[in-house]
Amino acid sequence: MNPLEKVIAGTTAEKLVTVTPEMTVGHVVPGMPAVYGTPTMILHMEMAAGSAVAPFLPAGHVSVGMMVNVRHLAATPVGRSVRAIARVVAVDARSVLFEVEAWDGDRKIGDGTHRRGVVDVAEFERRFGVTRPAIEMA
């Protein structure tokens with residue numbers, strides 16, 4: 001069975017956040033402006049994409065990011081709301097391609113594409129030697 005067989009083009013999801021000081025480039029890189037950072041915007045786009053496909057994946061499977069091609073178009077200050085949107089545009093046997101956007105109100109602040117693959121979590125962790133902290137296993 002293909003774990004992506006239930007994912008269809010047109011499926012969308014959003015991630016809504018309020019920009020905090022920790023989300024700014026200035027928080028990570030001293031001397032830089034305190035505006036919404038590109039890596040954080042990409043994270044929120046990826047989170048929206050993951051949310052779009054999660055309900056359609058078999059138990060024990062998750063989607064993981066494989067490729068990002070994104071433009072950051074405008075600065076967003078702390079306190080503003082950002083809406084990251086992901087829309088499935090293509091599904092193949094091993095991955096899903098998304099169009100992604102980020103908006104600050106009615107102003108587009110980012111756009112591009114993102115590809116996610118699907119993995120069986122237990123198999124993935126075995127393959128790469130991932131161990132869980134003892135507290136999670138209790």
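I take two strands to be paired if DSSP finds at least two bridges between them. With that in hand, I noted that strand 3 and strand 4 form a hairpin with 3 residues between them. The model I am reading is a predicted one.

**Entry 1. Overall layout**

I counted 4 helices and 5 strands in the protein chain. Read from the N terminus, the order of elements is β-α-α-β-β-β-β-α-α. I looked up the extent of the C-alpha trace and found about 45 × 40 × 20 Å along the principal axes. Of the 138 residues in the chain, 33% are buried. The chain exposes about 8,100 Å², and carbon and sulfur atoms supply 58% of that area. I also checked the contacts with a separation of 6 or more: 67% of them join residues 24 or more positions apart.

I traced the strand order as 1-3-4-5-2, an open sheet of 5 strands with antiparallel pairing. Strand 1 and strand 2 (61-72) stand at the edges; each has a single partner strand, so one side of each lacks a neighbour in the sheet. Neighbouring strands are turned by 25 degrees against each other on average, direction ignored.

I then went through the pairs. Strand 1 and strand 3 are joined by 7 bridges in the antiparallel sense, and Thr 18 stands opposite Ser 81 of strand 3. Strand 3 and strand 4, the hairpin pair, are antiparallel over 8 bridges; here Arg 87 has Glu 99 in strand 4 as its bridge partner. Strand 2 and strand 5 run antiparallel and are joined by 11 bridges. In that pair I found His 61 bridged to Asp 120 of strand 5.

**Entry 2. Helices on the sheet**

I followed helix 2 and found that it lies across strand 1, strand 2, strand 3, strand 4 and strand 5, running at about 140 degrees to strand 2. Helix 3 (residues 121-128) also packs on the sheet, where it touches strand 2 and strand 5, and its direction makes about 80 degrees with that of strand 5.

I examined both ends of helix 3. Asp 120, already noted as the bridge partner of His 61, caps the N-terminal end: one of its side-chain oxygens lies 3.1 Å from the backbone nitrogen of Ala 122. Just after the helix, Gly 129 takes a positive phi of about 65 degrees.

**Entry 3. The nonpolar core**

I looked up the largest nonpolar core, which has 25 residues; Tyr 36, Val 53, Val 82, Val 96, Phe 98 and Ile 109 touch the most other members. The elements that give two or more residues to this core are strand 1 (12-18), helix 2 (38-53), strand 3 (81-91), strand 4 (95-104) and strand 5 (107-120). Helix 2 gives the most, with 6 residues.

I listed the contacts of Ile 109, leaving out residues up to four places away in sequence; among them are Tyr 36, Met 41, Leu 73, Val 82, Ala 102 and Trp 103.

**Entry 4. Arg 116**

Arg 116 belongs to strand 5. Which side chain does a polar contact join to that of Arg 116? I found Glu 46, at 3.2 Å. Beyond four places in sequence, the residues in contact with Arg 116 include Glu 46, Ala 49, Gly 50, Ser 63, Met 66, Arg 94, Val 96 and Phe 98.

Conventions
Residues are numbered from 1 along each chain as its sequence is written. This is a predicted model: local features need pLDDT of at least 70, side-chain atom pairs count only at pLDDT 80 or more; totals for chains, interfaces and linings use all residues. Side-chain values use heavy atoms; hydrogens and water are left out. A nonpolar core is a set of buried Ala, Val, Leu, Ile, Met, Phe, Trp, Tyr and Cys residues joined through side-chain atoms within 4.5 Å. Buried means under 20% relative accessible area, exposed over 50%, partly exposed in between (1.4 Å probe, protein chains only). Contact means heavy atoms within 4.5 Å. A polar contact is a pair of N or O atoms within 3.5 Å; within protein, one must be able to donate a hydrogen and the other to accept it, and residues adjacent in sequence count only if both atoms are side-chain atoms. Axes are lines fitted to C-alpha atoms, for helices over the stretch in contact, and angles run from 0 to 180 degrees between N-to-C directions. Accessible areas come from the Shrake-Rupley method with a 1.4 Å probe; for residues, only the protein chains shown count as cover.
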